[in-house]
Amino acid sequence: MFNSDPLHYRYRVFRPPAEADSLIIQVAYGCPHNHCGFCGMYKNVPYAVRPWPEVHEELRRAARKLQGTRRVFLADGDVMHLPFAALRGILLDLGTLFPLLARVNLYANGRSILAKSDAELGELRQLKLQTLYLGLESGDDEVLRQQGKADTVDEMVLAAQRAQAQGLRLSVMVLLGLAGRAGSERHAQATARAANRMQPRLLSALRVVPIPGTALQRSVDAGRFDPLTEYETVVELHAMIGGFELDGTIFRANHVSNALPLEARFPKDKALALATLQAALDSDALDRTSPGPRPFTL
Ligand code: SF4
C-alpha cells in the first residue's frame, strides 16, 4: 500500500488524462470484469470493494487537509459496478465533507449503468456525479467478443443514451487497431455508427498497444493478430472520422499512443480533421512497415 497521507492507495492507480487535477479516491481495487484481452491495467489486482468505514475515514482525513477540493475521481475500474446505495453513500459523504465540490467522475461499463434505474441515475447526477468514462473500444460486436469485452454494442449505446437522458456526461473511448488488419475497415465503420448512436459529449480515439502479459500480446506473438502499421492506423482513423455524424462532440486523438495529435469539435471541424489526416497519409511521415514507436515504456 502506498501511503500519501491523508490518502492511501493500493496497487497502481489509473485515471483518465483529464483527471490530472482531481482528488482521486480509491473506493475499490481492480476491475470487476478484468477479462478484456487488450487491457493490462488491473491484471494482477484481485477485485475488492473497500470497506465503507475505511473509505469514510479516509474522506474525513482528506477533508481536513483538502477543503478546497472541487473535483473528485473515484477509482479503480468500473466504479459504476458498485450498488446504487454504496454510490449514493459515497456521493453524499463527499458533498457533506467538501463544501466546494463541483463534480465527481468515474469509469463505467455499459452493464453497470444499465443495472441502475433512470431514477437512480438521476439521483446520482443530483449528487454531483458528472462524467462517466465508458470504453466502447469498438462498434463491432465480433471484435468485442474476440477481445473478451463483457458488454455488447447495443448495451453500451443504450447505457449512454439512458445516462445522458439523466444529465450525466459521457466520455467515450475507442481503440484504433483493435480489429487488426483484416477487420480494420469494418471496425472503423461500425465504431463510427455506434458513436453516432451515442452522441457523446467527449470522444477519444487511442491506438491499441499490446501490453506484455495480456491475451492480445500473446495473439500477436502467436501470429493470430496482425497489428496495423502506423500508416494503416491513420487510414482507419480517417475512415472512422469520415463516418462520424456527431453533433456537439469534442473529439480527441491526442493521446501519447496516437501517430499524430488531433482535436476536433463536431460537426464544424470534420472537414479539417479529414484534410489533416489525408495530408499525413499523402506525406512520407508515417511508418508503412510497422506500428511505429512504442508510446510508453513497459
Ligand atoms: S478495459 Fe475496462 S472493463 Fe476491460 S478489463 Fe480493463 S478496466 Fe476492466
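In strand 9, arginine 169 is the bridge partner of threonine 131. The model shown here is predicted.

**The sheet**

That pairing belongs to a wider contact. Strand 8 and strand 9 (residues 169-176) run parallel and are joined by six bridges.

Serine 171 lies in strand 9. Alanine 192 is found in helix 7 (residues 184-198). How do their surroundings read?

| Residue | Relative accessible area | State |
|---|---|---|
| Serine 171 | 5% | buried |
| Alanine 192 | 1% | buried |

Serine 171 counts as buried because its relative accessible area is 5%, under the 20% cut-off. Leaving out residues up to four places away in sequence, serine 171 touches Thr131, Leu132, Tyr133, Leu134 and Leu202.

Alanine 192 counts as buried because its relative accessible area is 1%. Apart from neighbours within four places in sequence, alanine 192 is in contact with Met240, Gly243 and Phe244. Leucine 178 is 14 residues from alanine 192 along the chain. The C-alpha atoms of the two are separated by 14 Å.

**Helix 2**

Helix 2 covers residues 84-97, which makes 14 residues. From first C-alpha to last, helix 2 reaches 20 Å, close to the 20 Å expected at 1.5 Å a residue. Which residues of helix 2 are buried? They are Phe84, Leu87, Ile90, Leu91, Asp93, Leu94 and Leu97. An α-helix has 3.6 residues a turn, so residues three or four places apart point the same way.

What do the buried residues of helix 2 pack against? Their partners are helix 1 (52-65), strand 6 (71-75), strand 7 (103-107), helix 4 (118-126) and strand 8 (129-137).

**Around the ligand**

The residues around the ligand are Cys31, Asn34, His35, Cys36, Phe38, Cys39, Met41, Tyr42 and Asn109. By class, six residues of this shell are nonpolar and three are polar. The shell has no charged residues.

Key:
Residues are numbered from 1 along each chain as its sequence is written. This is a predicted model: local features need pLDDT of at least 70, side-chain atom pairs count only at pLDDT 80 or more; totals for chains, interfaces and linings use all residues. Side-chain values use heavy atoms; hydrogens and water are left out. Helices (H or I, at least four residues) and strands (E, at least two) are DSSP runs, numbered from the N terminus. The expected span of a helix is 1.5 Å times one less than its number of residues. Buried means under 20% relative accessible area, exposed over 50%, partly exposed in between (1.4 Å probe, protein chains only). Contact means heavy atoms within 4.5 Å. A residue is near a molecule or strand if one of its heavy atoms lies within 4 Å of it. Ala, Val, Leu, Ile, Met, Phe, Trp, Tyr, Cys and Pro count as nonpolar, Asp, Glu, Lys and Arg as charged, and the others, Gly among them, as polar. Two strands pair if DSSP finds at least two bridges between them.
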